[in-house]
Structure formats: structure tokens, C-alpha cells
Amino acid sequence: MEASRTRTESRRPESRAPDEPRRAGPLIVTENLGLLDDLLRLCAAAGVEPEVHHRVPERRASWTDPPLVLVGDDAAARCRGAARRPGTVLVGRDRDDPGVWRLAVEIGAESVLRLPDAESLLVDRIADAAEGAERQALTVGVVGGRGGAGASTLACGLALAAARTGRRTLLVDGDPLGGGLDVLLGGEREQGRRWPDFAASKGRLAGGALEESLPSVRGVRVLSWGREPAAPVPPDAVRSVLGAARRRGGVVVVDLPRGTDEAAAEALAQLDLVLLVVPGELRAVAAAHRVATTLGMAARDVRAVVRGPYAAGLDERWLRLPLAGELPYDPGIVTDQDAGVPPGAEPRGPLGRFCGAFWERVLAPGGAA
């Protein structure tokens with residue numbers, strides 16, 4: 001049986017860095033040269049290198065191992081009897097062929113896609129399969145009920161605690177006026193890309209490329225701001241970056257600004273859970289109510305983290321929000337930061353214990369804060 005393997009080095013997608021390795025791509029089964037050219041172009045756009053055969057490969061692993069199989073409608077009949085496998089898609093360009101659905105059933109295809117209408121969908125499908133995107137990241141935002149509430153401190157503690165569980169962890173600094181989470185973690189001198197490098201991003205970013213481009217501090221990938229003043233990041237860039245982070249899986253923690261401009265609203269729309277940090281003081285509770293009202297217009301789930309102790313006469317009933325936990329006073333945080341130790345780096349400290357217990361609840365099967 002004659003089989004050809006096609007490489008597409010000349011078709012580098014614009015979204016990849018020049019030195020980024022090309023990822024393993026789908027198996028393409030077709031003899032239709034026009035369709036093959038389209039599929040090669042879409043694979044290049046997704047940053048992957050496909051393997052091409054005219055019929056089911058003789059070597060079983062070449063059929064079963066690729067993350068995705070794209071079968072041209074011209075080759076569907078030749079794929080009858082092949083082992084059923086997930087991730088098989090029947091692709092063609094004839095919208096008027098009534099027999100295409102019968103062919104899809106016969107080869108066990110999960111879906112039928114028609115080009116050119118489904119090109120964008122197919123690029124996403126190819127890229128997701130190559131990245132191994134099976135379960136999206138759990139995304140948690142942290143915002144202060146008032147200035148100085150300790151939201152950045154909690155965000156760092158949560159990221160470090162998630163990394164200690166062995167999960168892929170990304171900490172995103174969503175507050176351009178916050179001073180930089182890389183500084184708080186002690187990673188301001190680490191090499192890697194910052195928010196200004198992504199300001200022009202639109203559309204889809206590769207999750208793996210994003211992760212590898214960011215500084216790594218104590219097992220956490222950090223997306224922060226540069227030291228120089230920079231223009232605000234557009235909502236499109238926030239959507240692209242957080243979308244790539246979610247597809248990569250693991251945990252994403254976002255330190256949010258208290259204001260809600262368009263970029264912040266886009267970030268809120270990407271979050272599974274928002275933690276509102278509220279010091280146990282009357283004025284802080286009153287301010288937190290106003291912040292919570294604003295957050296509720298864009299966020300799906302907002303919960304309070306009370307930073308104790310409560311002032312006299314106050315308790316959780318004043319918050320009128322679901323309670324995600326009470327964060328005990330930690331007198332050692334300031335001393336640790338002066339010594340260059342990030343908040344939450346010590347798992348047995350009050351912040352470390354709180355964050356560890358939080359992830360135990362949330363990351364457990366069916367867990368919720």
C-alpha cells in the first residue's frame with residue numbers, strides 16, 4: 001500500500017513563535033488534492049503537522065494514535081471496517097450530498113464538517129486535539145472589597161497552593177495599577193513575556209505557546225505587567241489570552257482590579273468563580289456590597305472571603321454573599337515579604353493552610369467553594 005507523509009514547514013502560522021516546535025497533528029485520509037490542500041492549510045493555521053494517507057494505514061497505531069482523524073468524503077468508503085475510534089471527523093466540500101451522513105455512521109465519525117463554512121471550527125478542533133485539551137482549567141478570580149483588602153496576597157497564595165498539588169498553574173495579573181504580581185512573587189527579574197507583549201493579540205492563541213512564553217516562579221507561570229507604563233490591554237487580547245489559558249487545563253488564578261472597564265468585564269466573563277476579599281470591618285463590608293453588585297453583572301458566581309477578625313457586631317450575615325471561607329489574620333506576611341518570601345509560600349502558615357483547604361474543596365470531584 002502506498003502512503004505519503006506530508007510536512008508543511010513552509011506553512012508556518014502567524015501566531016507561533018519562530019522557534020516553537022510544531023506539534024503532532026491529525027491523520028488526514030483523502031486523495032482529493034483540492035481538499036487535501038485546504039486541510040494542510042488549516043493544520044498550518046493550527047500550528048500542527050499532519051500525517052497524510054490515501055486510505056486507512058496498514059500500521060494500526062497510525063490510525064489509533066493521532067489525536068484526530070480527518071477523513072475526506074472521497075475516502076470514506078475505503079475506511080469502512082476500520083477500528084472505531086474517538087475523534088474521527090468526516091470532511092468534504094459538497095453541501096448537497098445526501099449520502100454523507102450514511103458514510104459518517106459507517107466509519108464512526110463524530111461529526112461532519114463542510115468547507116469552507118466550517119474552516120474556523122475545524123482549526124479550533126485541530127488545535128484543541130493537538131494540545132490535548134480535554135478539560136478546561138478551573139478559573140478563579142480574586143478582587144478586593146476595598147483598597148488594601150489583600151486580594152493580591154490571596155491570589156498569590158492560591159496560585160502557590162495549586163502548584164503544590166502538581167497541577168498546571170497560571171497566575172494572571174489583571175490589575176495594571178497593582179504593582180506587579182511578579183514582584184510580589186519575587187520573579188520580577190525572570191525572563192518571559194508580559195502583558196504588553198500580548199496587547200495586539202486577537203483570535204486564537206496556542207495554550208502551550210502561551211505557557212512556555214511566560215516567566216515561571218516557584219512552579220507558577222505568571223502573566224504580569226512590565227516595569228514601564230503601558231497602554232491598557234484591549235478586551236480582545238484578554239479574551240485570547242484567557243481562552244488559551246483555559247484550554248490548557250489545570251488552574252488559572254486572576255487578580256482582578258476593583259474597577260470594571262471592558263477588559264475587566266471580559267476577564268470576569270471567563271471566570272468560574274470570583275472571590276471577594278472583605279476585611280471584617282463595617283466600612284469594608286459596605287464597600288464590598290457596592291463591588292459585589294458590579295461584579296454580579298458579569299460574573300457567574302461571586303463568593304466572599306472574610307479576612308478576620310470581625311469587628312464588634314459584625315458577622316457573615318452582613319455580607320449577604322455566599323461565604324467561601326474565613327482567612328485568619330497572619331502577622332508574618334509582612335515580615336516574610338520583607339525577607340523576599342512570597343505570601344502563601346509556607347504551606348503551614350495561616351494563608352497556606354487556608355489556600356490548601358480551599359483547593360481541596362474546590363478541586364475534589366463535584367467540589368464547590
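Which residue stands opposite Arg221 in E9? I worked from a predicted model and found Leu170 in that position.

**Entry on strand E9.** I noted that strand E7 (residues 169–173) pairs with E9 in the parallel sense, over three bridges. Strand E8 (residues 216–217) pairs with E9 in the antiparallel sense, over two bridges, and Val217 stands opposite Val220. I found two residues between E8 and E9 in their hairpin, and Arg218 in the turn has a positive phi of about 55°. I then checked the faces of E9 (residues 220–223): Val220 and Val222 are buried on one side, and Arg221 and Leu223 are buried on the other.

**Entry on salt bridges.** I recorded 21 salt bridges in the structure. One of them joins the side chains of Arg41 and Glu119 at 2.7 Å, N to O. Arg41 lies in helix H1 and Glu119 in helix H4, so this pair ties together parts 78 residues apart in sequence. I also found Arg41 and Glu119 linked with Asp38 and Arg93 in a network of salt bridges.

**Entry on two further pairs.** I looked up Asp182 and Arg194, whose closest N and O atoms are 3.1 Å apart in a salt bridge. Asp182 is in helix H6 and Arg194 in the loop between H6 and helix H7, 12 residues apart. Asp182 is buried at 2% relative accessible area, and Arg194 is buried at 10%. Asp272 and Arg300 meet in a salt bridge at 3.4 Å, N to O. I noted Asp272 as partly exposed at 26% and Arg300 as exposed at 55%.

Note on methods
Residues numbered from 1 in each chain as written. Predicted model: local features only at pLDDT ≥ 70, side-chain atom pairs only at ≥ 80, totals over all residues. Heavy atoms only, no water. Buried < 20%, exposed > 50% of the residue type's maximum accessible area, 1.4 Å probe, protein only. Helix = DSSP H or I, 4+ residues; strand = E, 2+ residues; numbered from the N terminus. Pairing = 2+ DSSP bridges. Salt bridge = Lys/Arg side-chain N within 4 Å of Asp/Glu carboxyl O.
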